[in-house]
Amino acid sequence: MTTACPACSGPDLRTFYTVERVPAASCLMLDDEAAARAFPAGELRLAVCESCGFVTNTAFDPALTRYEDDYEESQGCSPRFRDYATELAGGWVRRYGLTGRTVVELGCGKGDFLATLIAAGVGHGIGVDPAVRTERIDPALRARTTWIPGLFPDALETIDADAVVCRHTLEHIAPVGAWLRSVRAAIGARTDTVVLFELPDVLRVLHEGAFWDVYYEHCSYFSAGSLAALFRRSGFEPLDLRRTYDDQYLVIEARPAPVGRAGADADDRDDVLAAAGTFVARMEETRTHWRDRVRKVAASGGTVLLWGASSKAVGFLATLGDDARHVAAAVDINPHKQNRHLAGSGHRVVAPDAVADLAPDLVIVMNPTYAAEIGRDLDARGVRTALETL
């Protein structure tokens, strides 16, 4: 159990939200419903550091997590997400002169974004991830890639590259301070390597009472201030820090700086502390709304579907508790998720083409960013239903 802040080593961690049992995997797809329902559970015990504003799950046990080739985190089937990823990759290539250069991506997942970077002009990409699936990569790009199926730093001790990319991985790492320092150590004497990270913004989660964005693999939660402070503390100088993707994500761009340089305090610490103090009340209000909503549809004999068989769906269903039974299935456009089951609840994942036969009275969109895209998919299939977003 964590007793000191993994980001700043401060001793003042204040617990503000606990859940005794949540699925220990939110993107792992299972073929068997019984196995999905019996999937191991872990405990959530979210605590905020009163020194730096970092939020962590002090009950996190890394032994419960599994990152294997059936861990299906890719969002690349969505046109909206692909457009965003293409814009992000192109911007990084132009801004940091990465045309023809070498990029390392830590936590590359299935390799989608690294392939996007290469398509944008990167000369060679090196992807590190235990769940990488090289057969999904465009054959025309494979000669310009190297894939390392493992975890950093064990699978890659040194980084000799023009850029280090790490998207939606840092939040999965419990010893974040030590891990980020290992990135700095692996870069070594090079000071021209640009470091490009993306991860969720915890202030949005806390302000919205977004319980569906709190799940087991996410053991580390950052605000803009705590993220910048950690980078400075770990031997990096931030160049830019901004919110993206409808303000859901934080993007930080940095260069190596002298190791051990003092990091500035998080300038939004008080905001995080205040938001953590009101999170449970906001979460309970939001959960009550959705419990009442699905109960009402079920009571009238109607059908409820979730659209997006993602981590958000797993978190949403786990926190609904017994009322999750009122949800018939989860819909997803990713063919690698279809006809499989969500860990914890065991809900079946269906393709969009199955929605008409299910005749839903309510479709709950797991991410409002995709609402217009999903609305068009429903219209194209002649499905008329209430469409509501989290």
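**Close-up views of a pocket and selected salt bridges**

**View A. The second largest pocket of the predicted model has a volume of about 250 Å³.** Its lining comprises 14 residues. Those lying nearest the centre of the pocket are Arg-21, Pro-23, Ala-318, Gly-344 and Ser-345. Strand 1 (13–23) and helix 8 (311–320) each contribute at least two residues to the lining. Classified by residue type, the lining consists of 9 nonpolar, 3 polar and 2 charged residues.

**View B. A salt bridge joins the side chains of Asp-246 and Arg-80, with an N to O distance of 3.7 Å.** The pair connects distant parts of the chain, 166 residues apart. Asp-246 is situated in the loop between strand 11 (236–244) and strand 12 (249–256), whereas Arg-80 belongs to helix 2 (residues 79–95). Asp-246 is partly exposed, at 49% relative accessibility, and Arg-80 is likewise partly exposed, with a relative accessible area of 28%.

**View C. Within helix 7 (residues 269–299), Arg-295 and Asp-292 are separated by about one helical turn, because they are 3 residues apart.** These two residues form a salt bridge in which the closest N and O atoms are 3.8 Å apart. Arg-295 is partly exposed at a relative accessible area of 40%; Asp-292 is also partly exposed, at 42% relative accessibility.

**View D. Arg-384 and Asp-379 form a salt bridge, their closest N and O atoms lying 3.6 Å apart.** Both residues of this pair, Arg-384 and Asp-379, are exposed.

**View E. A network of salt bridges links Arg-95, Asp-240, Arg-242 and Glu-253.** The structure as a whole holds 28 salt bridges.

Note on methods:
Residues are numbered from 1 along each chain as its sequence is written. This is a predicted model: local features need pLDDT of at least 70, side-chain atom pairs count only at pLDDT 80 or more; totals for chains, interfaces and linings use all residues. Side-chain values use heavy atoms; hydrogens and water are left out. On a 1 Å grid over the protein atoms alone, a cavity is a set of points where a 1.4 Å probe fits but cannot get out, and a pocket is an open set with protein on both sides within 12 Å along at least five of seven lines; lining residues have an atom within 4 Å of a point. Grid points are joined across faces, edges and corners, and a volume is the space filled by probe spheres set on the points. Helices (H or I, at least four residues) and strands (E, at least two) are DSSP runs, numbered from the N terminus. Ala, Val, Leu, Ile, Met, Phe, Trp, Tyr, Cys and Pro count as nonpolar, Asp, Glu, Lys and Arg as charged, and the others, Gly among them, as polar. A salt bridge is a side-chain nitrogen of Lys or Arg within 4 Å of a carboxyl oxygen of Asp or Glu. Buried means under 20% relative accessible area, exposed over 50%, partly exposed in between (1.4 Å probe, protein chains only).
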